[in-house]
Amino acid sequence: MNWFVTESPRPAWIARRSYAPWLVIATVCFGAFMGQLDASIVTLAFPAMSAHFHADPEWISLSYLITLVALLVPMGRIADRVGRKIVYIYGFALFTGASVACVYAPGFDALIAARIAQAVGAAMLQANSVALVTTAVAPEQRRRALGVQAAAQAAGLAAGPLLGGYLTENFGWQAVFAINVPIGVVALIAGHYLLPRTKTARDKGKPTWQVLPGLTGVLLTYAALFAPMTLLPFTMRQPLAQIGLTVAALPLGFAIAATLLSRPGIRTGALIAAIALILPVPQVVQLVVAGIGLGIIAPACTKRVMSALPEGSAGVGSGLVNVARGLGTALGVAVATLLVHTFQ
């Protein structure tokens, strides 16, 4: 049974390729895309799920987010010891299986249990994503690589509202979970063949205070990203498909900036996001511009965190970054939900 807990190597012909590190990043992008797709796609299905189960929909997100945040750092530490590849692949398997359980959940309690199982799998993925990226490429390429990974997350966020509205209206809320299954199967195959063995020697280095400003920036960025994405479906009166197009503008701007704008710094991103709030333009344009500002901030803050840690603690660093992302997401969802209940 040693194979069950032992990482398999990549095929030699893949490992020899000059672009092999970018194949690692492409594989990580599957997880980045799927995780954020799942986080955002359910927001458009909240009203339908609430009506179906006669329950408060925020627990569908909050149960997931609380579990995810609690497990990110422990999963990162486990991955540093036993190998990031094997934890990442098992995370995909669990997340995909739990998505199937969400589709067939017979009641609200069963749905919440399946969402918690999804969160465990997502923690195994997210606790390794940033570590896999930063250890795969040279230091001078890390900002760009982290931008690509952040862009994949933003693409998932952008696709979520678009797909969520369409799938819920045409196939029911169950479809927003079923969409994870084919993505997960492809990602499992890609992970097996494209990820290298990643177990590193145990490092005694610990996170220092230098990571705190970066983590704070990540938290605030994701709070600003998720609050309007949760709030708009409840406040807009257009058809779901149109709401989805509007909501998608924010993560679309994020993806553009994270992929293409690797030079501007955190202050520039914050200035752009602030200016977006006062621009006398249509709402969808405001959201794109705000997303561009946030998409500049997030990779820069992430690089600052990972640069402050030794390579042997990359899994812990990855877990910390994603804790900040998760807490920011939870904060954004909580604030938006509070506003909905206050003004309805």
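Guide: Let's start with a rule: a disulfide is a pair of cysteine sulfur atoms within 2.5 Å. The model is predicted, so local features need pLDDT of at least 70 and side-chain atom pairs count only at pLDDT 80 or more, while totals for chains, interfaces and linings use all residues. Residues are numbered from 1 along each chain as its sequence is written, and side-chain values use heavy atoms, leaving out hydrogens and water.

Visitor: How many disulfides does that rule find, and how far from Cys 29 is the nearest cysteine sulfur?
Guide: The count comes to zero disulfides. Cys 29 is in none, and the nearest cysteine sulfur belongs to Cys 301, at a distance of 19 Å.

Visitor: Where does His 54 sit, and is it buried or exposed?
Guide: Helices (H or I, at least four residues) and strands (E, at least two) are DSSP runs, numbered from the N terminus. His 54 is in the loop between H2 and H3, and its phi is near 55°, a positive value in a residue other than glycine. Its relative accessible area is 73%, so His 54 is exposed.

Visitor: How far apart are the C-alpha atoms of Trp 59 and Ile 112?
Guide: Trp 59 lies in helix H3 and counts as partly exposed, at 46% relative accessibility. Ile 112 is 53 residues away along the chain, but the two C-alpha atoms are separated by 7.6 Å.

Visitor: Where in H3 is the kink?
Guide: First, the length: the expected span of a helix is 1.5 Å times one less than its number of residues. The 25 residues of H3 should span 36 Å, which agrees with the 35 Å between its end C-alpha atoms. A bend at a residue is the angle between axes fitted to the seven residues ending there and the seven starting there. In H3 a kink of about 40° comes shortly before the proline Pro 74, at Leu 72.

Visitor: At which residue does H5 bend?
Guide: Helix H5 (residues 108-136) reaches 41 Å from its first C-alpha to its last, close to the expected 42 Å. It's largely enclosed by the rest of the structure, because 21 of its 29 residues are buried. H5 bends by about 30° at Ser 129.

Visitor: Which helix gives the largest share of the lining of the largest pocket?
Guide: On a 1 Å grid over the protein atoms alone, a cavity is a set of points where a 1.4 Å probe fits but cannot get out, while a pocket is an open set with protein on both sides within 12 Å along at least five of seven lines, and lining residues have an atom within 4 Å of a point. The largest pocket has 14 lining residues, with Pro 228, Leu 277, Gln 286, Leu 287 and Ala 290 nearest its centre. Helices H9 (211-235), H11 (266-276) and H12 (283-307) are the elements giving two or more residues. The largest share, five residues, comes from H12.

Visitor: How much space lies in the largest pocket?
Guide: A volume is the space filled by probe spheres set on the grid points, which are joined across faces, edges and corners. For the largest pocket, that comes to about 280 Å³.

Visitor: How many charged residues are in the lining of the largest cavity?
Guide: Ala, Val, Leu, Ile, Met, Phe, Trp, Tyr, Cys and Pro count as nonpolar, Asp, Glu, Lys and Arg as charged, and the others, Gly among them, as polar. This cavity holds about 80 Å³ of space, and H13 gives the most to its lining, with four residues. The lining has six nonpolar and six polar residues, and the number of charged ones is one.

Visitor: Which helix gives the largest share of the lining of the second largest cavity?
Guide: The second largest cavity has a volume of about 50 Å³. H2, H3, H9 and H13 are the elements that give two or more residues to its lining. The largest share, three residues, comes from H3.

Key:
Buried < 20%, exposed > 50% of the residue type's maximum accessible area, 1.4 Å probe, protein only.
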